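Student: I would like to go through this model and ask what stands behind each label. Please set the values against the definitions.

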Amino acid sequence: MHQATTTSGGHSLSTTKPTTKPTTKPTAHLARRLIQLYVGLALYGASSALLVESGLGLEPWNVLHQGLAELTGMSIGVVSIFVGAAVLLLWIPLRQRPGLGTVSNVFVVGLAMDGTLALLPDAHALAARVPLLVAGIVLNGVATGLYISARFGPGPRDGLMTGLHQRTGRSIRLMRTLIEVAVVATGFALGGTVGVGTILYALAIGPLAQFFLRFFAVPAPSGGDVVAAGGQPEQAILQR
């Protein structure tokens with residue numbers, strides 16, 4: 001606090017000026033968001049690798065990726081990149097606008113998945129596979145909270161869902177259900193793994209991601225933000 005004293009008619013008058021609180025600088029704010037984005041995407045790929053290694057069931061899109069990997073002989077991470085790029089092309093007729101996070105999602109998640117799979121030892125015993133499954137689901141929730149709260153745009157698959165919602169007028173819940181049922185069925189027919197992990201993931205990822213979205217929320221800076229890309233409402237991505 002800063003005090004200034006003046007004299008008027010023999011009386012002392014004291015005025016107090018509040019000290020300005022330090023605020024978050026726009027550059028530091030942007031740096032934090034970028035770190036959250038890329039750490040989140042890398043952890044997302046790592047979490048998917050844990051689910052693959054567990055062999056107990058994958059999240060919906062990776063059921064498709066694994067099935068296509070079996071069909072083509074490519075790694076699941078490379079397939080994920082190609083599918084992400086193909087889905088991104090579907091944004092054009094849907095009039096969706098990608099952000100930095102959208103484009104980064106296509107490449108970082110697939111590369112991180114393949115890199116993690118190369119480092120993980122083979123797990124054959126159920127006592128090792130169950131912890132991998134649980135760790136993969138929880139880490140996926142952490143990763144989702146990190147990259148979505150960075151607000152650099154949705155992933156290509158989430159943008160497909162919201163784009164169809166906007167163009168058709170149907171609910172996000174319905175669009176997500178139809179898309180994920182289609183990719184799971186196609187992936188399973190191609191040899192992708194569907195199991196208890198797929199069900200546990202579907203039940204747990206919404207509450208986990210919602211918790212970590214709040215935990216990793218980035219406070220808005222004062223004095224103006226540096227906007228690098230448009231954000232996507234978390235409710236649209238998480239609603240099931």
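Tutor: From the N terminus on, the elements run β-β-α-α-α-α-α-α-α-α-α-α. That gives 10 helices and two strands, where helices (H or I, at least four residues) and strands (E, at least two) are DSSP runs numbered from the N terminus. The model is predicted, and local features need pLDDT of at least 70, side-chain atom pairs count only at pLDDT 80 or more, and totals for chains, interfaces and linings use all residues. Residues are numbered from 1 along each chain as its sequence is written, and side-chain values use heavy atoms, with hydrogens and water left out.

Student: What makes His-65 count as buried?

Tutor: Buried means under 20% relative accessible area, exposed over 50%, and partly exposed in between (1.4 Å probe, protein chains only). His-65 has a relative accessible area of 2%, so it is buried. The residue lies in helix H2 (residues 60–72). Leaving aside neighbours within four places in sequence, His-65 is in contact with Ile-76, Val-79, Ser-80, Val-83 and Arg-157, contact meaning heavy atoms within 4.5 Å.

Student: Why is H2 called roughly parallel to H8?

Tutor: The axes of H2 and helix H8 (residues 172–189) come within 7 Å and cross at roughly 30 degrees. Axes are lines fitted to C-alpha atoms, for helices over the stretch in contact, and angles run from 0 to 180 degrees between N-to-C directions. Angles under 35 degrees count as roughly parallel, over 145 as roughly antiparallel, 65 to 115 as roughly perpendicular and the rest as oblique. The crossing angle therefore makes H2 roughly parallel to H8.

Student: Which residues of H2 and H8 meet?

Tutor: On the H2 side they are Pro-60, Trp-61, Val-63, Leu-64 and Gly-67, and on the H8 side Ile-179, Glu-180, Val-183, Val-184, Thr-186, Gly-187 and Phe-188. By class, this contact has eight nonpolar, three polar and one charged residues. Ala, Val, Leu, Ile, Met, Phe, Trp, Tyr, Cys and Pro count as nonpolar, Asp, Glu, Lys and Arg as charged, and the others, Gly among them, as polar.

Student: How do you know that H3 is roughly antiparallel to H5?

Tutor: Helix H3 (residues 76–89) and helix H5 (residues 100–119) pack at an angle of about 170 degrees, with their axes 7 Å apart. By the cut-off of over 145, H3 is therefore roughly antiparallel to H5. Among the residues that make the contact are Ile-76, Ile-81 and Leu-88 of H3 and Val-106, Phe-107 and Leu-117 of H5. By class, the contact of H3 with H5 has 10 nonpolar, five polar and one charged residues.

Student: Why does Arg-95 count as exposed, and why is Arg-151 called partly exposed?

Tutor: Arg-95 has 66% relative accessibility, so it counts as exposed. Arg-151, at 30%, counts as partly exposed. Arg-95 is in the loop between helix H4 (91–94) and H5, and Arg-151 in the loop between helix H6 (126–149) and helix H7 (156–168). Phi of Arg-95 is near 60 degrees, a positive value, and Arg-151 has a positive phi of about 60 degrees. Most residues other than glycine have a negative phi.

Student: What makes Leu-213 buried?

Tutor: Its relative accessible area is 3%, so Leu-213 is buried. Leu-213 is in helix H9 (residues 196–215).
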